[in-house]
Structure formats: C-alpha cells, structure tokens
Amino acid sequence: MRYVSEFRDGRTGRGLAELIRRRADPERKYHLMEFCGGHTHAVFRHGLPDLLPENVELVHGPGCPVCVLAISRLDQAIELATENDVILASYGDMLRVPGSRRRSLLKARSQGADIRIIQSTAEAVELARAHPEREVVLFAIGFETTTPPTALAIREAAALGLKNFSVLCNHVLTPSAIQSILDSPDVRELGRVRVDGFIGPSHVSTIIGSRPYEFFAEEYQKPVVISGFEPLDVLAGIAMLIDQLNEGRAEVENQFVRGVSRAGNVKAQKLVAETFELRPEFEWRGLGNVPYSGLRIKTEFAEYDAERRFRVTEKPVRENKACECPAIIRGVKKPTDCKIFGTVCTPRNPIGSCMVSSEGACAAYYRYRHRRAG
Amino acid sequence: MEKPDTHIGLAHGNGGRLMRQLINDVFARHLGNPHLDTSLDSAFVPFDGNGTLAITTDGFTVQPLEYPGGNIGSLAIHGTVNDLAVAGARPRYLSLNAFIEEGTELALLERLVEAMAEAARDSGVEIVTGDTKVVGRGECGGVFFATTGVGVREPGVELDSRSIRPGDRILVSGPVGDHGAAVMLARGEFGLTGDLASDSASVIPVARALMGIEGLRFMRDPTRGGLATVAHELTRLSGRGVRLLEEAIPVRDAVASVCEVLGFDPLYLACEGRVVAVVAAEAAEAALAAVSEAAPDARLIGTIEDEPGPVVMETGLGGERILDELEDDPLPRIC
C-alpha cells in the first residue's frame with residue numbers, strides 16, 4: 001500500500017524508538033497529550049506504548065468527535081429520527097453511542113426509525129434528491145476536518161433548490177478545546193493533569209494550518225508538534241517534542257509537512273466562514289460549556305438549519321454516575337481507572353461514548369489493550 | 001406456443017408442472033449426475049464403508065448474489081465442501097435447498113446454478129438430492145441456498161484440537177479478507193470501486209496436502225469473523241494464548257486499502273478459500289513446502305503460547321496489541 005506502508009516500516013520505527021530512548025532525559029518525565037482520537041487509535045493499534053521509555057507518557061486528549069458530543073445533542077438527533085419521521089443521515093460510529101436512558105440511534109433504527117449510515121455528506125444530499133417526499137437531516141458532527149464537507153452539502157442543496165434537506169450542526173473547534181484544557185482547574189490549579197506538550201492533529205491541521213497553535217506555544221509555553229497519523233509520524237513527533245522540551249523551547253513545529261502548511265486550506269476556511277458562524281458557547285461532553293467552541297449555520301442559510309426547521313428541544317440529561325468518560329476526555333483519568341471499564345461497559349454494550357468510536361480512549365484501550373495494562 | 005418464463009413466479013414453487021420444469025431445466029440440467037433422480041425425494045449413493053462419515057450443513061444468504069470471484073451458487077458448494085475438507089474428510093455428496101423469491105430473473109438463477117455446477121465439478125462432489133421453494137416478494141434476498149454435505153474420513157486420519165501443543169506453528173494458506181472486502185465493494189454502499197475478487201474456492205487441494213504432514217494438529221477455514229475469529233477459537237480449544245506476527249500475515253494491497261478507508265480490520269473479514277492450520281514446530285517448514293503448489297502465498301503467521309492467554313498481535317514496529325473477539329458488525333468510522 002503506497003504512501004502508507006512507508007510510514008509503518010518496522011526497521012525505521014525501531015530506529016526512531018531507539019532515538020527517543022537516547023534523547024529522553026532519565027531525570028525527567030515527559031507528559032505529551034495527543035489531542036486527536038486518530039492519534040490515540042494509531043498509538044494503540046501499532047503498540048507504540050511498548051516502544052517508549054517509561055518516563056515518556058502519552059495523555060489521551062479530547063479529539064474524538066463522537067466522544068465529545070454532548071448527550072443532549074445526541075438526544076435531539078434521536079428525537080428527530082423517532083418523532084419527526086425524517087431520514088437521518090449519520091456517520092457510522094455515531095450509531096452506537098448511548099444517549100439518555102440508554103437510547104441510541106442503533107436502537108431507534110431497530111425500532112423503525114429511518115437512519116442511514118453515510119460515508120460522505122454528498123450521500124445525504126443525494127438521499128434528499130432521491131426522496132423529495134421525505135425530510136432528510138444530516139447529523140453533522142466533528143472537528144474542522146468534517147466541517148467543510150458539511151458546508152459543501154448545504155451549498156449543493158441550495159444550488160439544487162432542495163426544500164427537504166437540513167443539517168443538525170454540531171461542528172466544534174480544536175483550538176477552543178485545547179484552550180479549555182489548558183485553562184481548566186485540572187491543569188492550572190490542581191495539577192491533576194500534567195501536559196508538557198501537544199502532538200497536534202494531522203487532518204484538522206490540513207484545514208486550519210499550523211498557525212492557530214502558535215498562540216498556545218507562546219502564551220502557555222507549550223510546544224506543539226503537528227504529526228501525521230501513521231506510527232512513524234507519531235514517533236517522529238514525540239522525538240521532536242522531547243527535543244523541544246530538553247532545549248527549553250516552546251514552538252509550533254510541523255512533522256506532517258506532506259499534508260499541513262502554516263496557512264492551511266484557505267479555500268475550505270473561506271467556505272466554512274461563509275456558511276457558519278460561532279456560537280457564543282457550546283456544550284461538550286467532558287469539557288462542559290466552552291465559549292466560542294462550536295459552529296451554527298448562518299441566518300443566510302437558515303432554511304437548511306434543522307434546529308430552526310424542526311422544534312428540537314434541549315432537555316437536561318444526567319450522566320451515568322459510574323461512567324468516567326468526562327474525566328477521561330479531559331485526560332484526568334485513564335480508562336482503566338473507571339470501575340465499569342471492560343466489565344459493565346464494553347464496545348458491545350457501551351455506557352459512555354469513549355467506548356464506542358475506535359478513536360475513543362476506552363475503545364482503543366479495550367480493543368488493543370496491552371497485556372501489562374489490561 | 002407458450003412463451004418461456006423469464007422470471008420466477010409463485011407457481012414455480014407450487015409442486016406442479018412449472019416447478020418440475022424449473023427443476024429439470026435449470027437445476028438438473030446443470031447439476032445432473034448418475035445419482036441425481038429429480039423424481040425421487042431421497043438419493044441412494046454407494047459407500048464402501050471404509051472410514052468415518054462426516055456430515056455438515058450450511059446456509060447461504062450473501063448479498064449481493066453475484067460479486068467478482070463468485071456468486072451465491074459457487075459459495076454454496078465451497079462453504080460446505082471446505083467445512084468437510086478441513087475436518088479431514090473427502091467431500092462426496094451434497095444436498096441442495098433452494099429458496100427463490102418470486103420475481104427472480106431466470107437468467108440470474110441460471111448463472112447461479114451454472115457456477116454451482118462448476119464449483120461442484122472442481123471439488124469432485126455431486127449434488128444428489130434437493131428441494132426447491134418459491135417464496136413471496138421481499139421474503140428472502142432474491143435467492144437463499146442451503147447445502148448439506150457428506151464426506152468420508154479415511155481410517156487413521158485424526159485431527160484433534162487436544163493435540164495442540166505450546167510452540168506449535170500457525171499457517172495460513174493465502175491472503176486474508178478477500179471475500180469480505182470483495183462482497184463489501186460489490187454492495188456499492190460505500191461508493192468505492194476496485195478490482196478485488198472473492199477468494200471463494202475449494203480448499204481440498206490444500207487440506208489434502210497438509211494431511212500428508214506428520215505433525216498436522218488442526219485445520220479450520222476462516223469464514224465469518226475471519227482469521228481473528230479462528231485465532232480466538234484456537235485459544236479456547238488449546239487453553240493457551242496465540243501470538244500472531246502482523247508482518248507475516250498476507251493481506252492484499254487492495255484489501256488493506258479498503259480497510260484503511262473504511263476503518264475495518266482485514267483480520268476480521270471473511271475468507272472463503274483459505275485454510276488456517278496448526279502444525280508441530282518441527283513440521284512447519286515441511287507443511288509450507290507441501291502446500292507450495294496449491295497455496296503459493298501460504299505463510300507461517302504465529303505460534304501457540306505456553307500459557308493461557310489472549311490473542312496477541314506483534315505489530316510491525318515490535319509493539320504488542322490484543323486482538324479482541326469480534327463483537328458486532330463493524331461500523332465505518334467518521335474520518
């Protein structure tokens with residue numbers, strides 16, 4: 001598989017691991033947060049923790065799009081699908097996430113709701129075109145990577161003059177989440193989470209570029225290395241972070257030069273800015289209400305906004321008390337710290353969202369757990 | 001003159017003239033052999049009484065009915081023949097149940113049964129009895145088949161999972177995940193196209209070659225749930241852990257690519273023409289040599305561990321991860 005196997009080469013990987021072992025100062029600890037769930041997945045899938053010295057620890061961040069979606073927002077989607085008789089178009093790994101009262105899109109579907117799994121937003125537009133008699137709602141979630149395709153879908157629906165297509169918009173912003181973590185009492189006051197530096201997301205950064213992270217490097221004195229999703233990318237990113245920390249630098253560096261530039265994808269940014277606007281605040285699972293962290297559809301495209309089109313209500317929800325997802329999303333706890341991990345809560349029967357997506361920390365731990373950790 | 005039917009109607013299943021015509025014109029025409037008498041409900045077949053009879057049965061509901069590398073007709077033969085072959089038996093006779101949906105195109109049925117006949121010839125088996133039912137529209141996915149197979153296990157052949165020992169090696173006869181990936185692409189759900197083909201084939205030549213090896217402990221064909229599921233079965237049967245080497249497991253580039261895009265793991269995708277075998281360590285190279293003609297892409301991919309434990313995968317980078325048991329049908333991930 002070209003452009004993939006090169007970045008999984010065993011010999012190079014073992015060489016990089018050796019380099020990390022040599023450069024990591026045995027007198028200190030390195031707490032590196034991989035923000036993105038794609039990295040969490042890669043780390044476990046390729047068994048990277050086995051290759052790292054004990055004093056280099058990876059802290060799993062909140063960048064799993066499925067995990068951070070507030071339960072109340074998922075409840076809205078379930079309600080739309082069950083009460084409003086719409087065709088709900090959703091990404092696959094959203095289906096098993098438990099909402100309030102253990103309901104999920106998968107259960108709603110088995111009870112007759114019309115929920116379709118899509119791989120791209122274009123399929124949702126196509127559904128609307130093919131079923132003019134039905135309302136089609138795209139359940140849009142995710143960070144900056146999935147936002148431009150949602151904007152495109154809205155534009156396409158407008159161009160086609162579709163009257164039965166709308167979007168339940170839950171798009172969120174990476175920089176706001178990083179800031180929320182850095183400002184959180186866990187990090188600032190209590191020291192419950194130590195983050196010395198960030199492995200920056202790769203796909204998100206192809207869109208937003210490396211510039212938005214410069215603020216964190218300067219203001220919070222935390223180095224950021226944007227890394228690709230392949231195991232050699234992650235190892236190289238870790239080596240670069242260790243070098244920065246050893247040298248007392250806090251800069252934004254880009255390991256993923258084959259995909260990320262400083263300015264990012266300007267065309268996509270423009271499309272997003274023209275279609276969406278900032279919400280004053282948005283609820284995240286685990287992080288709570290985060291100011292200016294979510295997007296909503298601009299008034300200009302109001303007819304494609306499912307929140308305006310349907311009377312979706314926001315009901316208060318109660319988290320399952322035993323579930324540690326919120327603390328795990330903030331990096332305060334590890335999946336194995338949770339009492340119900342692997343016993344009550346499994347991928348088959350997930351209690352929290354972190355156990356659902358392959359990018360969630362709990363699912364990654366469960367599926368790929370190492371014998372020593374498990 | 002009566003215009004010939006082009007589609008299956010409910011009357012094709014009513015036991016009358018049309019049904020007799022369908023059985024003779026489609027099934028018997030392709031599958032005919034000296035032991036198949038479509039006027040009888042049972043078949044009488046010669047059996048020399050030497051060895052043990054092995055019987056297996058399997059149902060086939062694959063969608064779509066046709067895909068690159070095969071169709072539900074060839075699959076209905078391979079699935080049952082392979083179950084017998086990995087049990088150490090020589091497949092001989094099959095029975096066939098056909099459930100056909102009203103409205104099915106006769107030309108399609110013809111293609112399915114033609115492929116079935118070819119697969120049966122290749123596998124050296126005869127379909128000696130059968131039954132046909134026509135069900136109403138929407139009651140089955142076009143066509144379902146069920147086959148029951150009888151084979152003979154020669155005296156002295158013993159394949160017993162209890163003979164599996166620590167240090168035994170695990171062999172796979174070729175690239176994994178081809179069938180699962182090909183069928184997934186053929187469904188067209190994900191808007192992906194490619195030239196992937198199912199590996200659907202008889203594994204008799206591989207199984208016979210392995211059975212000549214002293215030190216062969218166990219064979220299985222990794223169908224639903226794929227290689228990972230057989231590895232889990234091995235941990236249960238042997239009471240020991242299984243260690244697999246990621247770099248040694250053959251996976252076609254095209255299969256790996258589809259899995260990357262959709263977030264699937266090829267080790268959980270079905271094969272329909274592969275054998276996973278456990279052989280004594282000292283016989284491993286001989287086993288590989290023995291199958292080199294029937295299965296040139298066979299590889300030694302792992303070992304049985306000393307202690308009880310999970311299925312552990314040694315990654316290409318030298319790390320480890322646990323291969324979990326398949327719990328649910330995988331859902332494609334978001335990005």
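**Notebook: aromatic rings and the A–B interface**

I began with the rings and noted that ring pairs link A:F44, A:F341, A:Y365 and A:Y366 into a cluster, where rings of Phe, Tyr and Trp (its six-membered ring) pair if their centres lie within 6.5 Å, and planes under 30 degrees apart count as stacked, over 60 as edge-to-face and the rest as tilted. I keep in mind that this is a predicted model, in which local features need pLDDT of at least 70 and side-chain atom pairs count only at pLDDT 80 or more, while totals for chains, interfaces and linings use all residues. Residues are numbered from 1 along each chain as its sequence is written, chains are lettered from A and ligands numbered from 1 in the order in which they are written, and side-chain values use heavy atoms, with hydrogens and water left out.

I then looked up A:F215 and A:F216, which form an edge-to-face pair, 5.6 Å centre to centre with 70° between the planes. A:F215 is partly exposed at a relative accessible area of 38%, whereas A:F216 is buried at 2%.

Turning to the interface, I noted 29 residues of chain B in contact (heavy atoms within 4.5 Å) with 38 residues of chain A. The rule finds two salt bridges across the interface of chain B and chain A, each being a side-chain nitrogen of Lys or Arg within 4 Å of a carboxyl oxygen of Asp or Glu. I looked up the salt bridge of A:R8 with B:E260, whose closest N and O atoms are 2.8 Å apart.

On the side of chain B that touches chain A, the elements giving two or more residues are α7 (253–262) and β13 (320–322) of chain B, and α7(B) provides the largest share, five residues.

Conventions: Helix = DSSP H or I, 4+ residues; strand = E, 2+ residues; numbered from the N terminus. Buried < 20%, exposed > 50% of the residue type's maximum accessible area, 1.4 Å probe, protein only.
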